[in-house]
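Good morning, colleagues. I shall present one structure today, moving from the overall build of a chain to individual residues.

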Amino acid sequence: MILAGFLQRAIMQGIPLLYGSTGEIITEKSGNLNLGIPGIMYVGGIGGVIGAFLYEQHAGAELNPFLAVMIPLLCSMAGSLLMGLIYSFLTVSLRANQNVTGLALTTFGVGFGNFFGGSLVRLAGSDVPSISLGRTSNYFRTSLPIADRLGWFGQIFLSHSFLAYAAIVIALLTSLILAKTRVGLHLRAVGENPATADAAGISVGKYKYFATCIGSVIAGLGGLYYVMDYANGVWSNDGFGDRGWLAIALVIFAVWRPNLSILGSILFGGLYIVHNYIPGLDVSGQELFKMLPYLVTILFLVAISMRRKREAQPPAHLGLPYFREER
Amino acid sequence: MANTDAPALRLEHITKRFGSVIANDDISMTVQHGQILSVLGENGSGKTTLMNMIAGIYYPDGGKIFVDGKEAVIRSPHDAFQYQIGMIHQHFKLVDLFTATENIILGLEDDGRYSLKKANQRVKEIVSQYGFRLDPEKKVYEMSVSEKQTVEIVKVLYRGADILILDEPTAVLTPQETDRLFAVLRKMRSEGKSIIIITHKLHEVLSLSDQVTVLCKGRYAGTVNTAETDEAQLTEMMVGRKVTLNIERSEPKDTVPRLTVEGLTVRSREGTDLLRNVSFEARSGEILGIAGIAGSGQRELLEAIAGLLRAEGKIVYHDPKTGKEENLRGRDPLEIRELGVRLSFVPEDRLGMGLVGNMDITDNMMLRSYRKGRGFFLERKAPKSLAEKIVSELEVVTPGVSTPVRRLSGGNVQKVLVGREIAAAPTVLMAAYPVRGLDINSSFTIYNLLNQQKERGVAVIFVGEDLDVLLELCDRIMVISSGAVSGIVDARAASKEQIGLLMTKNTASEGGAADGKA
């Protein structure tokens with residue numbers, strides 16, 4: 001029973017990472033190394049919180065279940081879309097350095113989230129430094145009623161909310177699109193060799209914009225899931241922690257394949273919380289255990305670079321700007 | 001349907017500027033249906049720029065393009081496909097990680113449902129129709145240069161192109177592969193396709209094309225029927241003045257061994273032999289040519305001598321100053337350089353290992369002298385005057401010595417690189433492909449530089465690809481074939497056929513590598 005509980009928590013822990021890594025994989029396949037993902041996920045989270053807060057205030061005692069889900073969802077998507085647009089505009093249109101832009105967006109996103117988080121706490125007049133949106137969260141956390149009746153199977157696989165299943169469906173769909181469709185072929189070409197893609201008549205800028213923005217929106221949903229599902233609708237500043245970076249590490253671990261990233265996210269999620277299941281750990285021991293996902297990523301990087309398989313490498317043009325008329 | 005009365009492609013008064021440089025100035029030309037047209041011109045004469053405008057990579061600043069008599073606005077490669085124009089670039093535009101077929105269908109939108117299976121089938125049909133050799137499902141990174149070029153050509157045919165542009169297609173091919181390519185091109189011509197081919201090799205122009213259009217310094221210099229012209233006339237049109245095709249070769253004087261290489265073996269990281277048991281001697285006052293099919297180990301040989309690659313065997317340097325014999329193996333590149341062994345290495349991308357593209361000419365001189373100078377700050381005066389000397393003596397075309405090397409054309413880059421290495425008064429000068437992609441005029445400047453060095457008693461090692469040049473420039477020619485020496489011949493007595501034979505000789509069986517054949 002402990003194992004089932006552990007796995008259930010591991011999956012819940014893994015879902016934000018899965019969203020983040022799927023979004024980042026789509027982005028990286030276009031050659032954009034978006035290190036703004038942690039900030040974008042943060043904005044996705046606070047966007048949902050703002051939407052939910054305003055709706056809860058406005059609607060009073062009776063919430064419409066549909067609106068209670070849709071408003072935070074759309075607010076979250078709008079926030080992360082905006083972040084993706086900023087990143088694309090700076091790196092694709094203005095050809096700014098991708099690393100600098102990404103890191104700046106992360107700093108900005110976290111600051112943005114904390115600023116509005118703090119403001120909302122004040123508006124709510126709460127006496128703890130967090131804001132609770134339990135009513136909205138309940139709608140988000142609605143799961144299949146049969147889950148309780150199916151024992152450990154139900155607990156592990158069926159107890160999750162719609163956002164969790166959506167994450168898996170999106171990851172599988174992304175894998176399918178990348179491998180089996182024309183759009184996927186073109187996107188991969190843009191990330192591998194934009195000059196070639198350009199010569200083949202593919203609009204490099206368009207693909208980069210769309211991939212980055214869609215990727216950002218998907219990553220932002222990870223932030224939303226974290227607040228509404230994992231944290232039961234409680235927003236506290238900096239509560240999201242280092243999950244954004246973990247999502248980027250997961251991209252490497254999944255060798256840029258969203259379908260592998262599903263399993264990887266559960267593994268990372270499990271490693272992230274395993275310290276809770278080991279008795280007698282003090283605080284410093286816990287921190288050591290939290291390091292595990294990163295350690296695994298580094299070891300994995302060493303392993304794949306030793307195998308030197310071309311297919312397991314990052315997109316060849318990752319992180320580089322593309323100029324057409326450069327001589 | 002194509003209107004056969006109108007020419008397949010006509011350019012009128014095309015002009016293109018890059019900043020203040022005019023790459024193409026008021027160029028007009030015509031290509032008929034079922035015709036092979038060669039475009040000739042020196043480096044920097046604007047051939048590739050002009051072709052890129054037809055293929056939609058650049059957009060002209062002025063002038064018009066007509067396809068089948070109708071004005072065509074080509075703003076992107078996609079537009080070019082609409083007009084059934086396909087270009088095979090000098091540097092292949094392929095995605096390494098994709099299969100041949102994936103590369104071929106890349107960018108195609110209006111092809112019905114996406115199906116790799118169907119596409120593979122169609123690629124196979126085209127491949128067998130024209131007699132190519134290509135596996136549609138092979139990944140590009142596993143392919144040879146010739147296979148990659150085949151992918152490029154099939155890509156264009158797959159799109160049903162009627163006008164094919166080939167930018168120096170034979171530069172990377174062996175003679176046999178070139179023949180096969182030409183056979184394919186002739187077959188396309190007989191099917192009514194128009195072909196534009198850019199090449200530096202005059203004999204190819206004469207054997208393949210119907211008409212030749214010559215560009216000179218970005219301007220149109222004229223069009224002649226191939227049947228009515230010869231190499232001398234074409235050369236004159238290209239350079240604007242007559243140049244002698246004969247390279248002046250002096251007799252080697254006072255030759256003494258300068259560099260003795262014995263049993264040199266280099267292994268790749270995968271453990272295969274890149275060089276196998278190579279032995280030879282380079283003598284002072286003589287040019288030793290190295291011939292071989294591209295990638296036979298020429299690069300590895302020079303890098304091993306320069307200390308850039310780990311090797312087994314002996315490399316003995318006979319120091320003319322002290323008379324001592326020094327083993328170069330195991331020394332670091334700096335020590336080897338200090339002894340006077342200079343590598344002027346010019347890999348395919350021209351800037352390669354010798355120069356830093358974003359730095360100006362003076363800074364590039366300092367790459368060799370940054371250790372000199374007294375104080376904490378760099379000594380800039382001497383490198384600057386050296387840069388100015390090279391610019392004026394070798395006639396480097398540049399706005400000034402503070403122009404980034406990247407902005408210079410290929411020939412001028414080469415002059416800067418070779419000039420710098422010569423300035424250090426070397427005793428051994430190694431030059432790999434120093435004239436690759438250069439026009440005749442720049443090539444001759446380089447040949448003369450090498451000859452001057454030879455007359456000063458330098459042992460020159462020249463890796464070249466044009467057999468005619470090797471035969472005229474060098475004193476002895478060493479031929480390598482898949483990493484082993486297949487013969488060393490006297491350049492004055494040897495024939496092209498003899499060297500060609502040595503180049504393709506199977507050396508694997510001699511090296512005891514019986515497992516070489518799968």
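In chain B, 66% of the contacts between residues at least 6 apart in sequence join residues at least 24 apart, a contact being heavy atoms within 4.5 Å. This is a predicted model, in which local features need pLDDT of at least 70 and side-chain atom pairs count only at pLDDT 80 or more, while totals for chains, interfaces and linings use all residues. Residues are numbered from 1 along each chain as its sequence is written, chains are lettered from A and ligands numbered from 1 in the order in which they are written, and side-chain values use heavy atoms, with hydrogens and water left out.

Let me stay with chain B. It has 16 helices and 20 strands; these are DSSP runs numbered from the N terminus, with helices being H or I of at least four residues and strands being E of at least two. Of its 518 residues, 54% are buried. Buried here means under 20% relative accessible area, exposed means over 50%, and partly exposed lies in between, with a 1.4 Å probe and protein chains only. The chain exposes about 23100 Å², of which carbon and sulfur atoms supply 48%. These areas come from the Shrake-Rupley method with a 1.4 Å probe, and for residues only the protein chains shown count as cover.

How is chain B divided into domains? Domain 1 covers 9-239, domain 2 covers 254-340 + 426-518, and domain 3 covers 352-425; the bounds come from an automatic or database domain assignment. The centres of domain 1 and domain 3 of chain B, taken over C-alpha atoms, are separated by 35 Å.

I turn now to backbone angles. Most residues other than glycine have a negative phi. Gln84(B), however, has a positive phi, near 60 degrees. Gln84(B) sits in the loop between α2 (77-82) and β6 (85-88) of chain B and is partly exposed, at 32% relative accessibility. Asn277(B) also has a positive phi, near 55 degrees. Asn277(B) belongs to strand β12 (residues 273-283) of chain B, and its 54% relative accessibility makes it exposed.

A further residue of chain B is Ser146(B), in helix α5 (residues 145-158). Is Ser146(B) buried or exposed? At 13% relative accessibility, Ser146(B) is buried. Not counting residues up to four places away in sequence, Ser146(B) touches Leu173(B) and Glu177(B).

Next, charged pairs. Side chains of opposite charge can pair when their charged atoms come close. Over all chains there are 18 salt bridges, each a side-chain nitrogen of Lys or Arg within 4 Å of a carboxyl oxygen of Asp or Glu. In chain A, Glu287(A) and Lys290(A) form one of them, at 3.6 Å from N to O. The two residues are about one helical turn from each other, because they stand three residues apart in helix α13 (residues 283-290) of chain A. Both partners are partly exposed, Glu287(A) at 45% relative accessibility and Lys290(A) at 28%.

In chain B, Arg283(B) pairs with Glu286(B), their closest N and O atoms being 3.9 Å apart. Arg283(B) is partly exposed at 26%, whereas Glu286(B) is buried at 4%. Lys454(B) also forms a salt bridge, with Asp475(B), the closest N and O atoms being 3.2 Å apart. Because Lys454(B) lies in helix α14 (residues 440-455) of chain B and Asp475(B) in the loop between α15 (467-473) and β19 (476-481), the pair ties together parts that are 21 residues apart in sequence. Lys454(B) is buried at 2% relative accessibility, and Asp475(B) is buried at 2%. Through shared partners, salt bridges join Glu251(B), Lys454(B), Asp475(B) and Arg492(B) into one network.

Finally, the cysteines. How many disulfides are there over all chains? The count is zero, a disulfide being a pair of cysteine sulfur atoms within 2.5 Å. For Cys75(A), the nearest cysteine sulfur is that of Cys213(A), 18 Å away. Cys75(A) is partly exposed, at 30% relative accessibility, whereas Cys213(A) is buried, at 8%.
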